[in-house]
Amino acid sequence: MMPSNWKNRPENGPCTGGCTLVMPERSESESRKLLRRLRDTLATPAKGQERLDRITHMIADSMRTDVCSIYLFRDETTLELCATEGLNPEAVHQTRMRLGEGLVGRVAKTSTPVNTGNAPAERGFRFMPETGEEIYSAFLGVPIQRLGERLGVLVVQSKQARQYSDDEVYALEVVAMVLAEMTELGAFIGEGEALSALHQQPVLIRGLTGQEGSAEGRVWLHEPRVVVANPVGDDPKKELKRLNKAVEELRLSVDAMMSGSEIVDKDHQQVLETYRMFANSRGWLRRMEEDIQRGLSAEAAVEKEQSTTRARLGQVPDPYLRERLHDLDDLSNRLLRILTGQGRDTGAAMPENPVLVARNIGPAELLEYGRKLKGVVLEEGSVGSHAAVVARALAIPLVIHAERITTEALNGDAILVDGDQGVVHLRPEDTVAGAFRDKIAMQAEAQSRYASLRELPATAACGTRVAMHMNAGLMADLPSLAGSGAEGVGLFRTELQFLLRSRVPRRGELAALYSRVLDSAKGKRVVFRTLDIGSDKVLPYMKPQDEPNPAMGWRAIRVGLDKPGVMRMQLQALIRAAAGRPLSVMFPFVAQMSEFEAARRVLLNEIERERRAGHVLPTSTEIGAMLETPSLAFAPRSFFELTDFVSIGGNDLKQFFFAADRENERVRRRYDTLDVSFLDFIGTIADRCAETNTPLSFCGEDAGRPIEALCLVAMGLRTLSMRPASIGPVKHLIRKVNLAELRSVIDEAREAGALTVRPAVMEWLARQPM
Ligand code: PEP
Ligand code: MG
């Protein structure tokens with residue numbers, strides 16, 4: 001397990017010539033002496049327990065303390081005394097404490113050292129008679145942690161009431177870091193939970209739903225971990241040189257990245273900013289140089305800094321600062337890859353049924369993996385992120401905010417992704433995997449039952465006919481049109497083609513793509529929604545707008561009208577794609593009739609221009625508006641007469657109706673779609689459209705949720721557009737019920753003063769024959 005080059009190293013002499021730092025003599029010799037002895041101890045073949053015993057003995061001896069103990073986690077919240085020099089040996093593997101309990105628990109919980117000359121007087125001190133520790137006054141405990149993962153606590157104690165010096169604290173921290181590194185490499189595997197190999201236990205991670213669906217597969221890490229096999233440096237001069245060379249290489253690579261593209265990319269700019277902030281501030285570099293002087297190898301010094309960054313990440317609530325810390329973490333990763341020569345491509349073959357695990361991923365990268373992925377699990381991400389949009393378009397189950405997943409998961413680990421519940425089971429027990437498979441089988445069975453409805457209309461028991469359309473955003477979605485039984489594409493989101501490129505796509509490219517979309521639709525209606533950018537959808541090549549409220553800012557049709565160049569180009573592409581066949585276009589985020597009139601005029605002018613140029617025109621043109629702001633519901637009657645159709649963008653409409661940001665986890669589920677006020681509002685919109693015979697559809701996510709869809713239909717909607725997988729379940733339910741009866745249930749609940757009609761609807765549904 002130990003690298004062979006750990007043995008028989010020459011002893012390090014003090015740093016001479018070429019070292020840029022002047023270290024206090026004692027601290028330098030303390031940490032380096034300790035590290036050298038630790039390296040020798042680790043290099044001697046031994047079982048895990050024996051190694052730990054030797055290490056505690058060695059540290060106590062080296063630091064001339066009475067006690068040295070190592071506590072390791074046996075489960076997420078329990079620490080166990082695993083080795084000791086000085087305390088009662090009988091207490092080993094017997095003494096346990098919970099996270100936060102006693103001084104040891106406090107060190108683990110806060111990830112910071114505790115250093116006191118009078119331990120019994122310290123807040124939280126816990127007397128443990130079995131260890132005989134009451135006679136020790138001085139206590140120094142440091143966390144054993146690796147890249148934000150807590151592994152245990154290393155403690156030294158003395159009878160003498162004294163405070164350990166800063167240099168001693170430092171020396172112990174460096175040793176703890178090496179211990180963490182060796183724990184990761186499996187150097188201390190032995191009997192019992194606390195000495196079991198890391199990352200082998202089943203783990204349940206609760207995140208959030210990014211895209212519904214279930215998947216079973218094997219972990220495929222987007223960024224495989226860098227392994228630091230040799231954390232101790234022999235020759236600080238050599239290690240410093242390596243570090244400086246790697247930092248220079250890093251700087252050149254970041255500069256090249258910046259100058260190599262004329263992209264005004266916010267992310268790239270921030271990487272550069274962060275680079276300048278940290279790499280040039282000297283603070284970052286100096287700390288790593290100091291660590292090397294004190295005995296670490298260059299890569300261990302980088303990782304130590306990275307661990308500190310990760311520990312801070314867990315404690316910083318400010319989103320801006322967190323983002324900067326993430327950038328710094330990325331920079332450290334790059335630096336580690338340069339130092340160790342370990343690239344992203346480890347040569348490992350992608351497992352069958354791969355489930356992608358990443359901290360975050362861009363839409364283009366995700367699309368490159370494509371449909372071969374069975375699922376995606378992200379440590380971060382957001383519901384509206386581009387990656388989520390792509391995962392949704394590819395219908396791949398996605399769990400976001402899966403904390404610690406990148407630390408816990410190893411390539412090839414078994415993994416179950418429950419996109420419905422936002423839960424991930426890593427290395428699941430057989431019973432869990434069995435139950436999960438049953439659930440997948442049940443879902444597959446239900447899907448095949450729905451498949452039998454494919455050719456049947458969504459006609460309710462009362463005879464009301466509902467048109468079922470699907471949402472799409474990629475060419476790859478089109479095959480679902482036949483498979484799902486959708487009558488057409490009610491919403492084709494066109495922004496993905498813009499988001500996935502590093503420049504504005506050309507008109508010819510777009511025309512070709514739209515044309516292929518129409519070809520695949522085989523005459524079924526496809527409603528193209530013009531570019532909806534701004535808010536959460538920021539184009540990499542668009543100058544970022546610093547807006548206090550982007551969701552209510554310069555987005556969608558507002559950008560199109562203010563910068564008509566791109567809108568005109570897109571409309572031309574659509575007109576050319578639809579040559580000789582019908583064209584349906586809708587404009588997003590229309591808040592006022594005048595905006596719709598202006599955009600409509602642009603489209604009609606483009607058609608006229610095409611006609612004059614002698615191009616074949618679409619056989620008919622439908623121009624509609626998305627109703628995504630409450631104001632449009634109160635537009636003049638002439639608006640409803642002018643527009644060829646209205647499509648409710650429920651995701652946006654709901655966020656503005658309730659003033660609850662759809663991207664903000666704290667508030668986005670706070671208000672129910674079946675809230676009486678919202679359903680009333682939907683009813684008002686349906687009535688206004690009915691007055692003018694304006695076709696109305698609903699294309700937000702709620703259209704694909706069976707109960708919500710049912711209530712929307714009861715309120716007057718006759719066309720729903722949803723993700724293809726939802727068509728079966730929604731149609732199945734619609735065909736079972738009498739909508740007029742449901743409407744009276746809703747009306748009665750409303751009259752009885754209910755805030756939401758959900759309980760009444762659920763109760764009524766339970767009484768229906770299914
Ligand atoms: C909506 O807002 O409901 C909608 C369909 O548009 P998007 O989700 O793309 O904003
Ligand atoms: Mg919208």
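Colleague: What share of the 770 residues in the chain is buried?

Modeller: Buried residues make up 54% of the 770 in the chain. Buried here means under 20% relative accessible area, exposed means over 50%, and partly exposed is in between, with a 1.4 Å probe and protein chains only. Keep in mind that this is a predicted model, where local features need pLDDT of at least 70, side-chain atom pairs count only at pLDDT 80 or more, and totals for chains, interfaces and linings use all residues. Residues are numbered from 1 along each chain as its sequence is written, chains are lettered from A and ligands numbered from 1 in the order in which they are written, and side-chain values use heavy atoms, with hydrogens and water left out.

Colleague: How many helices and strands are there?

Modeller: The chain has 27 helices and 23 strands. These are DSSP runs numbered from the N terminus, helices (H or I) of at least four residues and strands (E) of at least two. Along its principal axes, the C-alpha trace spans about 90 × 60 × 45 Å.

Colleague: OK, on to ligand 1. Which residues come nearest?

Modeller: Arg493, Arg529, Glu628, Asn651 and Arg662 come nearest, out of 14 residues around ligand 1. To be counted as near, a residue needs a heavy atom within 4 Å.

Colleague: And what classes of residue make up that shell?

Modeller: Seven charged, four polar and three nonpolar. Asp, Glu, Lys and Arg count as charged; Ala, Val, Leu, Ile, Met, Phe, Trp, Tyr, Cys and Pro as nonpolar; and the others, Gly among them, as polar. Helix H22 (650-657) and strand E17 (488-493) each supply at least two residues of the shell, and H22 gives the most, with three.

Colleague: Which atoms lie 2.8 Å from an oxygen of ligand 1?

Modeller: A polar side-chain atom of arginine 493 does, and so does one of glutamate 628. There's also a backbone N or O atom of glycine 650 at 3.0 Å from an oxygen atom of the ligand. The protein covers 98% of the 280 Å² of accessible area that ligand 1 has on its own.

Colleague: What about histidine 401?

Modeller: Histidine 401 has a positive phi as well, near 55 degrees. Its relative accessible area is 32%, so histidine 401 is partly exposed. Look for it in the loop between strand E12 (398-400) and helix H12 (405-408).

Methods. A polar contact is a pair of N or O atoms within 3.5 Å; within protein, one must be able to donate a hydrogen and the other to accept it, and residues adjacent in sequence count only if both atoms are side-chain atoms. Accessible areas come from the Shrake-Rupley method with a 1.4 Å probe; for residues, only the protein chains shown count as cover.
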